[in-house]
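Visitor: Could you take me closely through the salt bridges of this model, and tell me how the side chains that form them are placed?

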Amino acid sequence: MAILGLPVLGALYLGPLARRQAVARTALALLAVALLSLAALNATTPPATAYLTPTIDPGANVRLAAPLVTDFRVRRAVGFDFATPMDEASVAADLTVVPATPVTLRWSSDGRHLDVGPRPAWAPSQLYAIRIGAAAQDRAGRALGGQVSATFLTRGRPVATLSIIGGGGSSATPSSGLDIAFSEPVDQDTVRRAFSVTPSTAGRIVSIVSGPASTSGLQHFQWLPAQPLEAGAAYTFELGPAVTDVDGVSMAAPVVLATSTMSRPAVVRDRPAGGQTNVPRDQVISVRFSTAMEHAATQAAFHVSGLDPKAGTFAWYEGDTVMAWTPRALLAYGTHFTVTLDGEAMSAAGVTMGATPSAGAQSFTFSTVAAPKPVAKVAAAAPKPKPVSRPSVKPTSSAPLYAVELYYLNLLNCTHTGGWVHSDGSCTGRGSNGLAPLRLSSGISNCATRPWARYLAVNGLLEHYGGSPYTGPGDRLRACGYTNGTWGENLGQWSGNAYTGAIQVVLFFQSEKATNGGHWRNLMSSSFHSVGIGLWSSGGRVVYNSDFYGG
């Protein structure tokens, strides 16, 4: 039996002892040596250790003379130890319990110890006082001469806390479980019987032991689903009040946690756009997701038909919502590609695009530009072969789309100087990066840029070089006398209204900002100060050419 002695009576009554008469002094001596204790019925139950002095209402029926013991177990007995054997009948006649509660009195064989136990249990969260009055006598007929009181506050009902395992705030992932923690040890079987999930979901409750295992109960459990939860679905977890602690005290009310699982990530944009044709061979393939993604799993789920993803490099942008893949070699001419992300692509929160790799797979297709047309060779008249003549790319004497060229230059300079062109052709932020606008070079435009645009438009091509013996941008500039500077060339095409095409081409250049593509680098380079602009239309198709020059 574990006993906690409270040294109360000596402090309360030793003062009056010195002032009493001899007869009273004998009774008070008996009282002075009486020790009040709180005795546990179960030897395995640790003694209460918290002591508080309660605030007592002056109108209370019972004067509480002893310190307050808190967290008192509802099936524990209150023990009284006496210096001499007591008369059991007189003690029982002068013993009161407030509030009134049926009790059992159990005496030791020598009459010196009394256990006052509840029948069957004290009420939870209840303040009690047990008083033995001054008329109680020992077996020699001597009265106590003063009352003895014990006060205690019983332990409250068990309290449960439910929380999501592995979720984000109040949201769960499909792989989440539920953490169940109690304020005190509880009966494991009642936890399993009282737990439910709506909609009904198979799972199991496991005990979590942190420290020495208890034979009477545990405080920590987890519910683990047998299968992943549905993504984007609502769930309600409930723990009914039938859960009891090791003394049989039930919870006051059910505990409910309503949550919803996170939606699965999805592809919301792809570059090139699905179904796009005439895609440049140096195209960077990028995918935008609906949420931030986990790099390793998402890259492993990325596939391009006919290509090994290891033959390129991955990069991530915009808070891990954009993944870009740059092939190390140029894509093949005139080839149809299918880009696939299987269902194992995973968000940063741990949610996959699909329950299985195939169930959540998303894909798009594109086709690269066709190979350039073969060049017809001119037969040599002399025995010695003559060099193959170059295509006729002569300076232009007219600019049929000059007004659109100026409009296109204005859009290019919006972006070049730190601004941003929008889909309606408006510009915001112009001049914010400190770069000066590109100067229009009529010499480059008339001699190199527009002639090449005309050649491409008439021949249905879109190439910087076009194959031997065609010249490249640097060759064309040098042939026009621009020999001492850096250069770069951007090409684009559009079928339809030329002004609309000018906007769309610049928007395409801007789309490469995230991946630092070649068109974007040319447009934003501080090495270029002037530009040649050339537009030409043929068969409803407009070619947009810009030759940047740093001389």
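Guide: For accessibility, buried means under 20% relative accessible area, exposed means over 50%, and partly exposed lies in between, with a 1.4 Å probe and protein chains only. The model is a predicted one, in which local features need pLDDT of at least 70 and side-chain atom pairs count only at pLDDT 80 or more, whereas totals for chains, interfaces and linings use all residues. Residues are numbered from 1 along each chain as its sequence is written, and side-chain values use heavy atoms, with hydrogens and water left out.

A search of the whole structure finds 9 salt bridges, a salt bridge being a side-chain nitrogen of Lys or Arg within 4 Å of a carboxyl oxygen of Asp or Glu. One of them joins Arg155 to Asp71, with the closest N and O atoms 3.1 Å apart. Arg155 sits in the loop between strand 10 (148-154) and strand 11 (160-165) and Asp71 in strand 4 (residues 68-72), so this pair ties together parts that are 84 residues apart in sequence; strands here are DSSP runs of E, at least two residues long, numbered from the N terminus. Arg155 is buried at 17% relative accessible area, while Asp71, at 42%, is partly exposed.

Arg155 also meets Glu184 in a salt bridge, at 3.5 Å from N to O. Glu184 belongs to strand 13 (residues 177-186), and this pair links distant parts of the chain, 29 residues apart. Glu184 is buried, with a relative accessible area of 6%. Through shared partners, salt bridges join Asp71, Arg155 and Glu184 into one network.

Another salt bridge pairs Arg142 with Asp138 at 2.9 Å, N to O; Arg142 is partly exposed at 38% relative accessibility, whereas Asp138 is buried at 2%.

Key
Helices (H or I, at least four residues) and strands (E, at least two) are DSSP runs, numbered from the N terminus.
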